[in-house]
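Please look through the sequence and the structure shown below before reading on. The report that follows goes from a few terms and totals to individual helices and residues.

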Amino acid sequence: MLGDIDYTLKPQRPQLFLCKPNRTIIAKLNEAYNINTKFKLGNIDELTFDLPTQVDIRSKLVTNPHLDMIQKRYLIKLIIGNSTEWFIIDEVVKGVDDEKEVINVHAFSLAYELNDKNIFAYKNDNYKASQVLTDVLSSTLWTTGYIDANFDLKYRSFDVSNITVLNFIFQIAETFGALVIFDTENRVINFYNPDNFGVNRGLTVSYKKYLKSLNQEDNDESVVTRLKVFGKDGLSIQRVNPTGTDYIEDYSYFMYPFERDSNKNVLQHSYYMSDALCNALLDYQDLINNNKGTFTNLLSQLNSLQTQLANDEENYYQIQVQLDTILDQIDVAQTTGQDASSLIVQRNNLMNQLNTAQTTINQDNTNIQNVQSQIDNLRNTLKLENNFTADEIKELNQFVIEKIWNDNNYTDEKQLYNDAIKLFEKLKISIPIIKVDIVNFLDIVEEQRNWDKLVLGDIINIRYERLNINVQAQIIEMDFNYEDGTVTITISNTKEIKTDEDKFLKTLYKLVSTSTQVDMNKYKWNDTVATVDDVTTILNNVWDTTKRAIESGVNNSVTIDGRGITIKNPTDPNKYIRMTNGVIGFTNDGGNTFKTVLDATGVYAERLIGKILLGNNLIITDNTGTFNISGNLLTVKDNNSIARVQLGEYDTTNQKYGLKIVNSTGTATILDQDGILQTWQDSIVDNLDSSHPMQMKFYLPPETISVRKCKLNISLEPFRAYEQGAASGGGGSVTTPPSSYMTTVANTQDGGLGWMDTTTSDEYVTINSDGDHNHSYTFSGHNHTVTINGTQYATGYGQVGATITTTNSGPHTHSTNMHSHAVPQHVHYFDHTHTVSIPSHSHAMIYGIYTSTSPTNVTIKLDGNIIMSGINNNQQDITIPVSANGWHTIEISSNTLGRINASLFIQAFMSA
């Protein structure tokens, strides 16, 4: 029952087993006391305990036999409930406790053995987490376990030397933003995403509930109010920062909890700053926000003008090159006595073009200066000294806490600025660390419902109204003292952990840095693709090597002869450069091949490596022609030279851009700017007959551009039912309608009237009748004698239409003696009804499959229009001519009872 306490359950007590390094158990340490465990999230756990030198065995104090067994580097197997952890003994100390000799034992988590392995040097670029971790653990007994998928989508670079495997594992985890979890039972290392680790099981610690003491530590040293930002080669954000500085700043941490109304009346004071400074900061922030749009527009204009200036200067340079060529030709013509008049005309035209180009450049510079002047004026308006008094600037200086963020992966100042703002959001807050001493409720049977809620890494609720503390926090450390029954837990605010996982991990790994620089050179955070890709790696390596070679280039061998100019490196004669006949060749195999060649027509190389490739009507293709980039269109062809994939402007006539994919024959588009080819299928099985057709409804959405295929497949099957009887609820009656008749045809002879002879015997028929009624007989023009109730009546042939009527009351009988009738051909009419009463009854259900006839002469209609008829066998690929969007109905009918199995396949081109 909910809330019941199972007093048969025992509190979980630690069990210690002494083991050899190969995990062979050699003793159970029942006599151990003062057992203390310290579990740390993402770090090395610790275990301490004491052993008495003497123990009671059969009521006699004897020397503890385990004293000689316990050794450093032996293992301790700790079992608590269903959990097993392994520790390695690193310290055994003899001491005195209350005048008793004791052995103090200290052990680290088994992962501490990784501290024994050393890495002399490790360098790898562009590696994901699993690759690095596998490399590092290759010389140990440990293996890689769970790695969060995000860490295998990130690529990082490492260059370390003389570092232990354990410390390097922590460095890898921090680099990827991972939470490392050691599985000492299986010697496995796991990397978890901190955002996805730990749950809130509902455990609450509050005043008078478990709480013994509480201590909150606010770590203000981690707060940053001014972040200086730099990229590759000293790239700064000054040009894109509205304030024109190389830093961004935010003082909200020290302004808290300052508040003012719309009239700037102070509602609440800051804990640190004066009201005047807080008001000035808020006014300054409003000023920046109000001018951000203006600054962005001016910056955009400036960028456009600078681009235009670069293009115009390039045009000027090209004209100057042509002019220099013409001038050289004029000099040659004049010195050789040739006619230079046409060249002089060209010279004059080029000089006019050059003057026009210079005028354009001058105008560009004027425009740039105008815009730059506006930007300078705006920045002057935003200058700190123009918005704060001297006293306010002096007071503000106390709260300027600077850090430097440098990431050489950034070459674009705008991207650098935007990402710096995101990073600053994490750095400008403080993370409080709370230590809580609680009662060890794991020793209390009555608290068994909470035994499974105290888990390292989980979220717990901390409430202490007197200190105004009410947080949900993650347990990052648990210290169990099993002797006095106390638990000390260290928690960190969950919200701050989630928004600053980097700070959280630094707390876990206890990495202390004396530098104020946040070095991001080796990796770029929150990027799921390689930031140091293969091209960048090759470029950096080659450029650095080339730079060193050029700067240190001495004793080069330079030969000028009939073969051209040859430049060799004496230390590596296989690599040299040769310039001859308008060609520059590079070799790395002693001249056997020149795989990189420059001539007047272009560059021919086995590899072309760079960052930017520009050109007019640029064409990039392979030797098969299957891959081609021409202008702004990339085309991929198959082995049949069919253009299967196109990316860019694939239709210049209709100006269509994007990705286009066609089928294997090149006749149908699967995907393009207009939409995508999609297929779906529907089916129905039902009985039908001539008056009950089968219907199949389908829908074409408004996004349908065209229907490529609409095919119907039908199978003609026998009618099918699944039962042969049904229950009836009660009786009833059926009445036939009146005025039915019967026609009697008599025999004919010699063309005369026909008659019918009826012969009877002495037997007669007795009909019993109840109640009063009349008997009537109408003669039809023939002779006979009839006896009714003992009285004979004779009629003649001529008595046509005569009637004899008798009346009788009550029950009686009618008898007819044997006689004969000659009956001419005539008709009898009977005006009467029959009533049949059916009593209440039921029929038992008979289950089974019952089949009957199959459909014949089947007709198919679409929206009431006949598509196909006269079908008497199975049909495949019946084309359904549908084109309009909306709901449609296919109707199938049959002349006979039967069953149809129909499937409809639709292939349509759909827009987004």
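## Terms and overall picture

Two residues are said to be in contact when they have heavy atoms within 4.5 Å of each other, and a residue is called buried when its relative accessible area is under 20%. With these terms in hand, the buried residues of helix α6 can be described as packing against α4, which spans residues 275–335. The model is a predicted one, and its secondary structure comes to 10 helices and 56 strands.

Of the 912 residues in the protein chain, 36% are buried. Among the contacts between residues at least 6 apart in sequence, 65% join residues that are at least 24 apart.

## Confidence in the prediction

The mean pLDDT of the protein chain is 76, and 69% of the residues reach 70 or more. Confidence is highest in strand β1, residues 15–19, with a mean of 95, and lowest in strand β26, residues 517–519, with a mean of 37. Over residues 493–535 the pLDDT is below 50, and this stretch has 112 contacts in the model beyond near neighbours in sequence.

A further stretch, residues 743–767, has a pLDDT that stays under 50, and for these residues the model has 56 contacts beyond four places in sequence.

Helix α6 covers residues 390–397, and its buried residues are Glu392, Glu395 and Leu396. They lie on the same side of α6, because the arc they cover around the axis is only 100°. In general, an α-helix has 3.6 residues a turn, so residues three or four places apart point the same way. On the other side of α6, the residues Ala390, Asp391, Lys394 and Asn397 are exposed.

The axes of α4 and α6 are 10 Å apart, and the two helices pack at an angle of about 95°. Angles of 65 to 115 degrees count as roughly perpendicular, and α4 and α6 are therefore roughly perpendicular to each other. On the α4 side the contact is made by Ala276, Leu277, Ala280 and Leu281, and on the α6 side by Glu392, Glu395 and Leu396. Sorted by class, the residues of this contact are 5 nonpolar, no polar and 2 charged.

## Helices α1 and α2

How do the axes of α1 and α2 cross? Helix α1 covers residues 129–137 and helix α2 covers residues 165–176, and their axes come within 11 Å and cross at roughly 180°. Since angles over 145 degrees count as roughly antiparallel, α1 and α2 are therefore roughly antiparallel to each other. The contact is made by Ala129, Val132, Leu133, Val136 and Leu137 of α1, together with Val165, Phe168, Ile169, Ile172 and Phe176 of α2. The residues of this contact divide into 10 nonpolar, no polar and no charged.

The buried residues of α1 are Ala129, Ser130, Val132, Leu133, Val136 and Leu137. They cover an arc of only 165° around the axis, which puts them on the same side of α1. What covers these buried residues includes α2 and the strands β10, β11, β12 and β14.

Leu78 lies in strand β7, residues 75–80, and counts as buried because its relative accessibility is 1%. Although Leu78 and Gln15 are 63 residues apart in sequence, their C-alpha atoms are 5.7 Å apart in space. Leaving aside neighbours within four places in sequence, the residues in contact with Leu78 include Gln15, Leu16, Phe39 and Phe87.

Lys709 is found in strand β41, residues 704–717, and with a relative accessible area of 44% Lys709 is partly exposed. The C-alpha atoms of Lys709 and Ile906 are separated by 5.5 Å, while the two residues are 197 residues apart along the chain. Beyond the neighbours within four places in sequence, Lys709 is in contact with Phe905, Ile906 and Gln907.

## Backbone details in loops

Arg58 lies in the loop between β5 and β6, and has a phi near 55°, a positive value in a residue other than glycine. Ser59 lies in the loop between β5 and β6, with a positive phi of about 60° although Ser59 is not a glycine. Arg58 counts as exposed at 79% relative accessibility, and Ser59 counts as exposed at 73%.

A cis peptide bond, with omega about 0°, joins Tyr256 and Pro257. Pro257 is found in the loop between α3 and β19.

Terms used:
Residues are numbered from 1 along each chain as its sequence is written. This is a predicted model: local features need pLDDT of at least 70, side-chain atom pairs count only at pLDDT 80 or more; totals for chains, interfaces and linings use all residues. Side-chain values use heavy atoms; hydrogens and water are left out. Helices (H or I, at least four residues) and strands (E, at least two) are DSSP runs, numbered from the N terminus. Buried means under 20% relative accessible area, exposed over 50%, partly exposed in between (1.4 Å probe, protein chains only). Axes are lines fitted to C-alpha atoms, for helices over the stretch in contact, and angles run from 0 to 180 degrees between N-to-C directions. Angles under 35 degrees count as roughly parallel, over 145 as roughly antiparallel, 65 to 115 as roughly perpendicular and the rest as oblique. Ala, Val, Leu, Ile, Met, Phe, Trp, Tyr, Cys and Pro count as nonpolar, Asp, Glu, Lys and Arg as charged, and the others, Gly among them, as polar. The arc is that of the directions from the helix axis to the C-beta atoms. pLDDT is the predictor's confidence in each residue, from 0 to 100.
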